[in-house]
Each structure stands twice: as structure tokens, then as C-alpha cells.
Amino acid sequence: WSIILMIMTSFDLLSIIFAGCLMIISGAFLERLWFAKKHFRLNRAYDDYRRFEDLPAVSVCIPARNEHQAIEACLERVLASDYPKMEVIVLDDDSVDNTSDVVKQFAQRGVRFIKGAKLPKGWVGKNHAMAQLTEQATGSYIIFMSVDTIVGEGDLGTMIRYALDKNLAMLSVMPKRDRLCPNVFFGTLRFFWELILHSRNFPATSTSIWLVKVDELEQYGNFWEHHRATVRPESVLASYFYSKHQYRFLVANQFLHVTHEKDWQSQLMTAVRTNGPVFDKSIWLKANVLVVLMIIVNGMVICTSNLFLTNLWWVQIVDLIGVLALSWLSVCYTRISWARGWLLGLVNWPWAFLQELWLLFFSIVYNKFQVVAWKGRRLPDPKKPDCC
């Protein structure tokens, strides 16, 4: 050992340590992604479960604010659904563009337009919009959708039939990124932590599209009022129903063709708004995630650099294995989250993890000092929900 240490430089030793850390982290995360791939997917189509006349009425509720570029495509796909008992409600949350005009053009096709009420003090705008939509919904189930979510013809029916089959009160779906473009390649790891950290106390959830049974939501007891300042109310509701074995999380696949499209800037804003609050449940979890990201970012720089700097072939092999382990982790995630082009995960991971580290850091800082804004509104302090 003394001879080996004499031959090795301090940078060689450092790279080996980081390479070992990358292998351990990648191995642990790959196990979690394998669990997600195994448990969060549909294994068959649900188009033959129950007759149409036996299916419950569903309210598709879409909160929108300054979404004129995406709302038309979203509504076109929803209206193309083959689900027979469906109403579509869109709430315009005080948009300053022509979102309301676009929505009103769909009135003859059955879309109900609601002009959102003035945002009260202490409320997150999206939460207030969903609370109003809940009051207006007449279906036995509500499907909340973000405007950037695109559904296939049979997806809404598949979600309802699956919920009925499994006796669920809540179901959320992780959409895939369909188009291969810079917004996808340079995009955030939006659902990475949901898949990795899924547990009884931290069930994976999706804000893109989720379903809730109205009767069960009412039994919670004034849910929206209690969580008017919560950044991710869906996560709270998922934890509640998961403890009662009435919640499931699914990843879109060939039986559930849900996709989403979001420009890069909007992805960054969403990450800053949500990443910090997601980890606020545990200070240790937040610290561990930050440490892991710093190890990944520093490890990939050190190990990649040492591949060209060291004169020891076996050190190069160790460094290469560490880098390849992280590359394989990235490919496995893009295989789950991208509909196409997932092999590009081999080359986009350095940017993805570096970006994720900075986004989590800024999210923690911005949320700590209450300077986070969303759609032109500053978010309220969840600890003081009645303040401005």
C-alpha cells in the first residue's frame, strides 16, 4: 500500500474517492428507479373495464393564467377524449393576455369558462383557482390538469377505470416529454426526486395531471382553506390518501399517453418555486440532497479531468467506471421520463445535475427570504398564511 500511495498523486486519490462515491450513489439511485419502473406503470390497457353507462361523471378542471400560447392545444386534446361523461371547466386566474378570449372560443363545444375571483391575502394563486374549480365541479371525480399537459384520446378514461379498479381516492400521473428539443435536453430533473425519494412519508406526486374523488376530498375537511399557502398541496393530499392505501402514482407509457411541453424558462421558475418546499418536510433530507448533488457535480469534474491527467491506467479505469455509472443513471431516468431520444441521457447528465444543484440552492434561499414569485405574484409565507 505504501508503494501504491507513493506512486499515486493526491489528485489520483481524490478522484478514486469521488469515483467510489459516484458508484455508490448511482447504485442506490438505480435501485430506486428500478422500483419506480416496476411499480409505477400500467401493465395493460383499461379500455375494457366497466361499460360506459356504469362510469362516473368527471370534471376536468384547468386553472390558467397567462397561457394563451398553450391553452388551445390543451383543450383540443381534452375535447378529443372518448370519455362519455365529462365536463371541462377552465378558470382564468386574472390573466393579462388573451387567455380568456381563447377559452371562450370553445364555449360552443361545451367548455365552461370561469372568471377567477380576486386573490385573497395569504393564498397561493393556483390553490385559490383549484378551490374555485372544486366548488364549480359537478362530477364524482375531478381531474386537475396543468395547461402544458397533453392527453391522448383514451387517457382520461384509463385514469378513471384504473381508479375504480383499485378503489382509489387519488391518482396522479407523471407525463413524458414527447418532443426532442432543447427544452427537453436542457430541461430540469422535474420528476427525478419524486421517483428516487418515494416512500410512505414522501409519496411520489405529479402536479401535471391528477385525479381525486370528490366525496373523499370533502371528508378531508375544507382542504383548500387549510392549505391555501402550501406550494404543493397535491403532495399533502397524496400523503393523506397514501396512508389510507387509496393513492397511486403512475408513469405514462404505451397504455397511458400523457405528455407535457414546457419551455426552459418556465421549467426553471417551477423548480425554484417548488424544489425548496418539497424538501422542507425534513431538514436532514434537504441537507442530504444538497450533499449528494455536490458530490455528483464535483465528482464528475474531478473524475473526468483525471482521466486525462493521471498516468496510472487502473486509476483511469476506476474514474471511468464512476463516470459511466452516473451516465447509466441518467439514461435510466431519461428512459422513464422521455418518450424519445432517451439515449441522449449519456451526454446531458453533467448539465442536468449541475443545473439541479443551483436550482435547489436558489429555491432554498428564495423561499427562506420569501422572494419567490409565480406568474407575477409573490408567494405568501406558509407559516403566516394570512399575511400579504
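Two strands pair if DSSP finds at least two bridges between them. Strands (E, at least two residues) and helices (H or I, at least four) are DSSP runs, numbered from the N terminus.

The views show a predicted model, in which local features need pLDDT of at least 70 and side-chain atom pairs count only at pLDDT 80 or more, while totals for chains, interfaces and linings use all residues. Residues are numbered from 1 along each chain as its sequence is written, and side-chain values use heavy atoms, with hydrogens and water left out.

**View 1. S172 stands opposite W210 in β8.** Strand β6 (residues 170–174) and strand β8 (residues 209–213) run antiparallel. Four bridges join them.

**View 2. Seven strands form an open sheet.** Their order is β3-β2-β1-β4-β8-β6-β9, and the pairing is mixed. At the edges lie β3 (111–115) and β9 (247–251), each pairing on one side only. On average, neighbouring strands are turned by 20° against each other, direction ignored. Helix α3 (residues 71–79) packs on this sheet. The helix touches β1 (58–64), β2 (86–92), β3 and β4 (141–145); contact means heavy atoms within 4.5 Å. The direction of α3 makes about 165° with that of β2. Axes are lines fitted to C-alpha atoms, for helices over the stretch in contact, and angles run from 0 to 180 degrees between N-to-C directions.

**View 3. T149 sits in strand β5 (residues 149–150).** T149 has a relative accessible area of 0%, so it is buried (under 20%; 1.4 Å probe, protein chains only). A polar contact of 2.7 Å joins its side chain to that of S146. Such a contact is a pair of N or O atoms within 3.5 Å; within protein, one must be able to donate a hydrogen and the other to accept it, and residues adjacent in sequence count only if both atoms are side-chain atoms. Beyond four places in sequence, T149 is in contact with residues including C74, S208 and H260.

**View 4. The largest pocket has a volume of about 1200 Å³.** A pocket is an open set of points on a 1 Å grid over the protein atoms alone, with protein on both sides within 12 Å along at least five of seven lines; lining residues have an atom within 4 Å of a point. Grid points are joined across faces, edges and corners, and a volume is the space filled by probe spheres set on the points. Of the 50 lining residues, E67, V147, D148, K262 and K375 are closest to the pocket's centre. Helix α12 (264–278) gives the largest share of the lining, five residues.

Note on methods. Buried means under 20% relative accessible area, exposed over 50%, partly exposed in between (1.4 Å probe, protein chains only). On a 1 Å grid over the protein atoms alone, a cavity is a set of points where a 1.4 Å probe fits but cannot get out, and a pocket is an open set with protein on both sides within 12 Å along at least five of seven lines; lining residues have an atom within 4 Å of a point.
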